[in-house]
Amino acid sequence: MSQALKITLRSGKDDAVRRFHPWVFSGAIKKTEGRAYDGCLAGVYSNKDEYLGSGIFQDATIAVRMMAFAPEQPDDFGVDFWENKIRRAFDLRKLTGLTDSPHTNVYRLIHGEGDHLPGLIIDHYNGHLVIQIHSTGLYSYLTPIAGALKKVYGNKLRSISDKSRETLPAAFWENRSYEKVLFGECRQSEVLENGHRFLIDIEGGQKTGFYIDQRDNRKLLTEYCKENKVLNTFCYSGGFSVYALKAGASQVDSLDSSAKAIALAEENVSLNIGPADIHRTITADAMSYLNGMEEDYNVIILDPPAYAKHQHVKHKAVQGYKRLNLAALKKIKKGGVLFTFSCSQVVDMQLFRSTVMAAAIQSGRNVRILHQLTQPADHPVNIFHPEGQYLKGLVLFVD
Ligand code: SAH
């Protein structure tokens, strides 16, 4: 598969790679030697011919995704290479107590740049692994990656699925076959998260099947739920709703615009607490509901999908976050608690916080920040790639 390509960077362009930045932009390249094709192994060298590291080449703005830094110099990206990388990621999850926990068996095994494996996402659902690849160059290594996963998990592995169909461009799939299940059998899996049970629709669900990144924030929510009326907007499969109900909320309303998501949320609530008339589901647009609803919720969760996927739509996204937060701030009961999130990579914490502040000013409410939230430890952030900290949250006390 791989045939080494030698890439020499322009003078001064080696600094970022020396600082372990995960990408080499095409504009930083002075010359290439050898045959360049999407997916080939590229050795990256400074202008003075010093070896800096190796990555996967793609004919695009991000020309190389760095997979190894000097002195590591892999000959190829075969099973042994991936096994070594995956073991290191597994050991980190082990360190954070996720691989042997009796309460949680769903975690992110590989978090792209945060695990020095740019473009690769792998989630673990109680023995079922789901891969999502975000660059066409990396996709050529799907088979050795799956082979390495089998070696790392051994007989604890139940299945491996590939969900890259949605993450790679449609044109890439023309004239190409696509295997959803690479090993074992898998449609659905039941997992435990902090002792709460969830059915995961691996095959038909959003992303890899579940929003694993909200684990710690769902746990925090339980501290604010007892005997309170909770509105969980953008609920998807009901993560926050299940935690709120188990923590003694007097009523939980789960809202999503997708009927499929609402069905999953209902299923997960009944799995945890049986039939419950204190749980209501609402299939609607969140903004319309917030604008028209009664002012009697003590706790509101706002966890919208990424409003900005690219830099050029950042301004529009910020306006969207402002309108959403304003609607909730206007309607939440006095003394209420608002959990508000943004998962747009291009909106950083500072911008998110000032956007929510603008909404608070306009609402006329007295707002205090109780917690500042982010993603959990199985979604590590490469300090040289701060954009990796994509999940931001604020817990607000609203008088
Ligand atoms: N909080 C969820 C994850 C939310 S993902 C969890 O913990 O699992 C975002 C959800 O927003 C998706 O389920 C999507 O169907 C829903 N959604 C998108 N646009 C919406 C809108 N305008 N109104 C309500 N829900 C919407």
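Predicted model: local features only at pLDDT ≥ 70, side-chain atom pairs only at ≥ 80, totals over all residues.
1. Helix α2 (residues 79-95) packs against helix α4 (residues 142-153). Their axes are 8 Å apart and meet at an angle of about 50°. Angles between 35 and 65 degrees fall in the oblique class, and α2 and α4 are therefore oblique to each other. Their crossing is right-handed.

2. Which residues of α2 meet α4? On the α2 side they are Val79, Asp80, Trp82, Glu83, Ile86, Arg87 and Phe90. On the α4 side they are Pro144, Ile145, Gly147, Ala148, Leu149, Lys151, Val152 and Tyr153. Trp82 also has a part in an aromatic cluster. Ring pairs link Trp82 with Phe77, Phe81 and Tyr141 there.

3. The axes of α10 and α11 come within 8 Å. They cross at roughly 45°. That makes α10 oblique to α11. The crossing of α10 past α11 is right-handed.

4. From α10 come Lys314, Val318, Tyr321, Lys322, Asn325, Leu326, Leu329 and Lys330. From α11 come Leu351, Phe352, Thr355, Val356, Ala358, Ala359, Ala360, Gln362 and Ser363.

5. Now the aromatic rings. How many aromatic pairs does a search of the whole structure find? The count is 21. In one of them, Tyr45 and Tyr51 have ring centres 5.5 Å apart and planes at 65°, so the pair is edge-to-face. Tyr45 is buried, at a relative accessible area of 17%. Tyr51 is buried too, with a relative accessible area of 17%.

6. Tyr321 and Phe352 make another edge-to-face pair. Here the centres are 5.9 Å apart and the planes are at 85°. Tyr321 lies in α10 (residues 314-331) and Phe352 in α11 (residues 349-363), so this pair ties together parts that are 31 residues apart in sequence. Are these two residues buried or exposed? Tyr321 is buried, with a relative accessible area of 1%. Phe352 counts as buried at 0% relative accessibility.

7. Charged groups also sit over rings. Arg176 lies over the face of Phe172, 3.7 Å from the ring centre. Lys229 has its charged end over the ring of Tyr297, at 4.8 Å from the centre.

8. Next, helix α7 (residues 239-246). After α7 comes Gly248, which has a positive phi, near 95°.

9. Finally, Arg10. Where is Arg10 found? The residue is in the loop between β1 (5-9) and α1 (15-18). Arg10 counts as partly exposed, at 41% relative accessibility. Leaving aside neighbours within four places in sequence, Arg10 is in contact with Gly27, Ala28, Ile29, Lys30 and Asn47. Arg10 and Ala63 are 53 residues apart along the chain, and their C-alpha atoms are separated by 14 Å.

Note on methods. Residues numbered from 1 in each chain as written. Heavy atoms only, no water. Phe/Tyr/Trp six-rings, centres within 6.5 Å; stacked < 30°, edge-to-face > 60°. Buried < 20%, exposed > 50% of the residue type's maximum accessible area, 1.4 Å probe, protein only. Helix = DSSP H or I, 4+ residues; strand = E, 2+ residues; numbered from the N terminus. Lys NZ or Arg CZ within 6 Å of the ring centre and 35° of its normal. Axes fitted to C-alpha atoms, helices over the stretch in contact; angles between N-to-C directions. Parallel < 35°, antiparallel > 145°, perpendicular 65-115°, else oblique. Left-handed = near helix turned anticlockwise from the far one by under 90°. Contact = heavy atoms within 4.5 Å.
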